[in-house]
Structure formats: structure tokens, C-alpha cells
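Thanks for asking me to go through this one with you. Have the viewer open beside these notes, and take the points in order.

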Amino acid sequence: MNDHGVFSAHDYSRRVRGLIERNRHVQARDELAEALGQYPDDSDLLYHAALLDYLTGQPDAARSALLRVLSREPDHYAGRSLLATLYQESGELPAAETVLIDLLRDYPESGHHYARYAMLMYRTRHLDKAKALAHEALRLDPDDELALIACMMGDLIDGRKGAEQERLAALMSRHPESAGTAHMLITHLVHRGKYRAAKRIAIELLKLNPGSREILGLVVELDALSHWSMLPLWPFNRWGWAASVVLWVTMVAVFSGAGKIAPHILGPLNIFLIGYCAYSWIFPSLLKRWLKRRAGI
């Protein structure tokens, strides 16, 4: 503020930022309206307007304000960072990746942005790249919470256990967006047949939401898929109908060959096939029912 009591654009930005940090959004919007009336082209004020729109559930207005900021000041750090978040939350993942790569090019020592990029790669199922980025993030900033989350997700996927799991649960509670990423990781790991890794992450989600029957049901499903007694059905759970086709083609070939070479084993083969089919049809549902009853659902 100058000697005549008139606020500068910087003064307004500082006041608005303080109001936003204290979640006083209505007052912040009133302050912004006054500030932008005097400084309509100030990049920081426009950024705070975008941030306020984002925090109050108006992503389209936030994006419009950010594009105004970046058209005037393409290197605006906070504006670019928020734009990456908007792209990611709207599912525009290639655009989010482009912005994050540009930020890392300009700020190569930012562990936090490496961690953000790692979380994006988890979401897009590039697991090896995500884990490498996470470790680089932690190397650059060992205290960054998102870097710790990204590294610990990799540890869970790889089966490394210990106190890290409890710390991961605590950190995920501070970064709710990580729960969405965790759900996507679970889906991807199930598709890849890595049921134990998926179950470990689901258990951490359940720790965050102990009253969620949906997540408890997910843990039970994954418990069934990863149970030792389901190992003979792993190919069918992993590849579905493709595995069934391969099985039947193989069985036809085996029966045909056995009929010509060793017809005396056709009887045991038939018994084995019938038993295996009965097991595949009946046992999984019985196992799930028992696990659900044990879990109280």
C-alpha cells in the first residue's frame, strides 16, 4: 500500500492469497472484483481468480482465466502448474503431460513436479516409468509428500512391505487425488493378473475408508483372486475367453493324440476334465461367499 492508501496489484494479490488460504472464498471473490476493476490485466490477479474458480468447482471459468494469464505471461509458474491439474482432472492426460514436461524442463530440480508426473504415469499405466520418476522425485526432495506417495505406491506394487504401508495410508489421506489413482492402479494390476499387488493397494484404501462396503467388497474380490486355491484358474482370470479357447484346443489335441497312442488314459483324462470344469464353475463362487461371510458382508 502506498502513502495515499491505494493498493497496488501486488498488495491485492497478497490479500487475496491470504483469504484463499483461510478458505474465505466469498471475501476473496469480492476483493478480486475490486482488484481486477483497477488492474484487469494483472497476471497474478487473473491467476488467483482462476484458482478461486477451481476451488469453488468452476473448472471452465478457471481454465478461461488461466489461458488469459498464459497468453500474457507464458512462463507464469503457478498458472502452468494449475493448468496441468485442470487437464489431469478433466481427463486430458496428454495435455497434462505436455505441461508437466515443460515445467520440468524449466525447473529440473523440482522434486514435486517429478512426483506429479509419476502419479500421472501411474494413471496412464506406465508403471516402470512412474516408479523411475518417483525415485527421482524423492532423490530431489526427500520430504515431498507426493514423492513419498509415488514411491510407496511402487513399493506396494512390487510387494515391499513394512512401515511404509502405514505411512502411505497417512499420506494418501492428505492427497485425496491419490485415491483415484489407486483405484486406476488396482484395475490395471487386475488386468495384468497381479492380484496380490492390487489387494495390497485396496487394503490401504480400506484403511482410509474403513466404513466403505464398496472398498471392502473390492478387497474380498481381490482376496479371492489371489487365494492359493485359485491358482489353477489364473489363466482364465488373466486372459478370459482367450484362455478358454486355448484350453479347449489343447484338450482336443490331447484327446485325439491319446486316442491313437494311449487309449487307456482317455478315462482318467475325462475324469480330470470333468473335475476341472466343475471346480472352475463351482469353487470360485463358494470361495467368494465364504470370504464375504468372514468379512461380514
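Which residues does aspartate 53 touch, not counting residues up to four places away in sequence? The first point below has the answer, after a word on the model.

This is a predicted model, so local features need pLDDT of at least 70 and side-chain atom pairs count only at pLDDT 80 or more, while totals for chains, interfaces and linings use all residues. Residues are numbered from 1 along each chain as its sequence is written, and side-chain values use heavy atoms, with hydrogens and water left out.

1. **Aspartate 53.** The residues touched by aspartate 53 are Arg29, Gln58, Pro59, Ala61 and Ala62, where a contact means heavy atoms within 4.5 Å. Aspartate 53 sits in helix H3 (residues 43–55); helices are DSSP runs of H or I with at least four residues, strands are runs of E with at least two, and both are numbered from the N terminus. With a relative accessibility of 9%, aspartate 53 counts as buried. Buried means under 20% relative accessible area, exposed means over 50%, and partly exposed is in between (1.4 Å probe, protein chains only).

2. **The chain as a whole.** You will find 16 helices and zero strands. Of the 297 residues in the chain, 43% are buried. Taking contacts between residues at least 6 apart in sequence, 54% join residues at least 24 apart.

3. **The surface.** The chain has an accessible surface of about 16200 Å², and carbon and sulfur atoms account for 58% of that. These areas come from the Shrake-Rupley method with a 1.4 Å probe; for residues, only the protein chains shown count as cover. Trp281, Ile282 and Leu286 make a nonpolar patch of about 380 Å². Leucine 286 belongs to helix H16 (residues 266–295) and is partly exposed, at 46% relative accessible area.

4. **Salt bridges.** Side chains of opposite charge can pair when their charged atoms come close. There are eleven salt bridges in the structure, each being a side-chain nitrogen of Lys or Arg within 4 Å of a carboxyl oxygen of Asp or Glu. One of them joins aspartate 41 to arginine 72, with the closest N and O atoms 3.1 Å apart. Aspartate 41 is in the loop between helix H2 (25–38) and H3 while arginine 72 is in helix H4 (residues 59–72), so this pair ties together parts 31 residues apart in sequence. Both ends are partly exposed: aspartate 41 at 47% and arginine 72 at 41%.

5. **A second pair involving helix H4.** Arginine 63 and glutamate 92 meet in a salt bridge at 2.4 Å, N to O. Arginine 63 lies in helix H4 and glutamate 92 in the loop between helix H5 (77–89) and helix H6 (93–106), so parts 29 residues apart in sequence are tied together. Arginine 63 is partly exposed at 23%, as is glutamate 92 at 30%.

6. **Helices H12 and H13.** Lysine 199 and aspartate 223 form a salt bridge, their closest N and O atoms being 3.2 Å apart. The pair links helix H12 (residues 195–208) with helix H13, 24 residues apart. Shared partners join Lys199, Asp223 and Arg294 into one salt-bridge network.

7. **Alanine 224.** Alanine 224 is in helix H13 (residues 213–225) and is buried, at 1% relative accessibility. Leaving aside neighbours within four places in sequence, alanine 224 contacts Met230, Leu287, Lys288 and Leu291.

Definitions and conventions
Patches are made of residues with over 30% relative accessible area and no salt bridge: like charges are joined within 9 Å, nonpolar side chains (Val, Leu, Ile, Met, Phe, Trp, Tyr) within 5 Å.
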